[in-house]
Amino acid sequence: MQDGFVDVTEAVPGVLAEPRYAGRNNFMGEPVTGYDADKVMVSAEVAAALVPVQAELAAKGMTLKLFDGYRPQQAVDHFMRWISDACDTKNKADYYPNVAKGDLVQLGYIAEKSGHSRGGSVDLTIVVRGADGVWSEMNMGSPWDLFDERSHAGSTLVSQTAQANRKMFADLMIRHGFKPYSEEWWHFTLDPEPYPNTYFDFPIK
């Protein structure tokens with residue numbers, strides 16, 4: 001394992017991980033280059049900042065679920081190759097129904113250079129355990145990686161409940177040192193970043 005990076009489920013007790021880029025349940029519909037293991041990796045600094053976030057949620061019967069953390073640059077390059085293939089739109093209805101594939105970079109949904117590759121960003125949500133013991137995602141108004149105006153952090157296109165949940169989530173993350181991203185309610189970056197000028201490319205194993 002790369003020095004300074006950890007498996008989030010080992011470093012932050014109680015969190016859940018659903019590394020969607022390691023499988024096919026993502027906007028490309030295929031495993032992403034560099035995701036060679038079914039785990040979410042984060043920098044040690046991000047993990048340390050998530051510990052008190054998780055503690056607050058656990059006290060209320062909730063927990064964090066992470067979809068992505070550290071993202072190898074080779075994965076970002078894979079995203080760019082996918083964008084250049086105008087014929088591949090098999091998952092458009094589920095992930096970018098109202099946006100042209102070629103506009104995803106310009107609109108800020110996918111970046112050629114990502115904060116995820118610097119080890120400072122995470123994609124995550126809150127889940128709640130039901131009476132049956134099953135965890136379910138809190139209503140945030142749109143699913144993770146839906147590239148749409150509904151996913152903008154301050155969108156009023158979602159229900160008042162979802163807006164309140166997003167605000168509660170953002171306030172919690174901000175309180176523990178994370179900065180939100182206006183285009184995606186699930187995306188937060190540790191401030192200051194641990195490696196602000198380094199784009200890592202080691203694969204997740």
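Mentor: Buried means under 20% relative accessible area. Keep in mind that this model is predicted.

Trainee: Is Trp82 buried or exposed?

Mentor: The cut-off for buried is under 20%. Trp82 has 5% relative accessibility, so Trp82 counts as buried.

Trainee: Which residue forms an edge-to-face aromatic pair with Trp82, at 4.9 Å centre to centre?

Mentor: Planes over 60 degrees apart count as edge-to-face. Here the angle between the planes is 65°. The partner of Trp82 is Phe27.

Trainee: How many residues apart in sequence are the parts that this pair ties together?

Mentor: Trp82 lies in helix H3. Phe27 lies in the loop between strand E2 and strand E3, so the pair ties together parts whose separation in sequence is 55 residues.

Trainee: Which charged residue sits over the ring of Trp82?

Mentor: A charge sits over a ring only if it is within 6 Å of the ring centre. The charged end in question is 4.1 Å from the centre of the Trp82 ring. It belongs to Lys101.

Trainee: What is the angle between the planes of Phe5 and Phe200?

Mentor: A search of the whole structure finds 19 aromatic pairs. One of them joins Phe5 and Phe200, edge-to-face, 5.1 Å centre to centre. The angle between their planes is 75°.

Trainee: Where in H2 does the kink lie?

Mentor: Helix H2 covers residues 44-58. The kink is about 25° and comes shortly before the proline Pro52. The kink lies at Leu50.

Key:
Residues numbered from 1 in each chain as written. Predicted model: local features only at pLDDT ≥ 70, side-chain atom pairs only at ≥ 80, totals over all residues. Heavy atoms only, no water. Helix = DSSP H or I, 4+ residues; strand = E, 2+ residues; numbered from the N terminus. Expected span 1.5 Å × (residues − 1). Bend = angle between axes of the 7 residues up to and from the residue. Phe/Tyr/Trp six-rings, centres within 6.5 Å; stacked < 30°, edge-to-face > 60°. Buried < 20%, exposed > 50% of the residue type's maximum accessible area, 1.4 Å probe, protein only. Lys NZ or Arg CZ within 6 Å of the ring centre and 35° of its normal.
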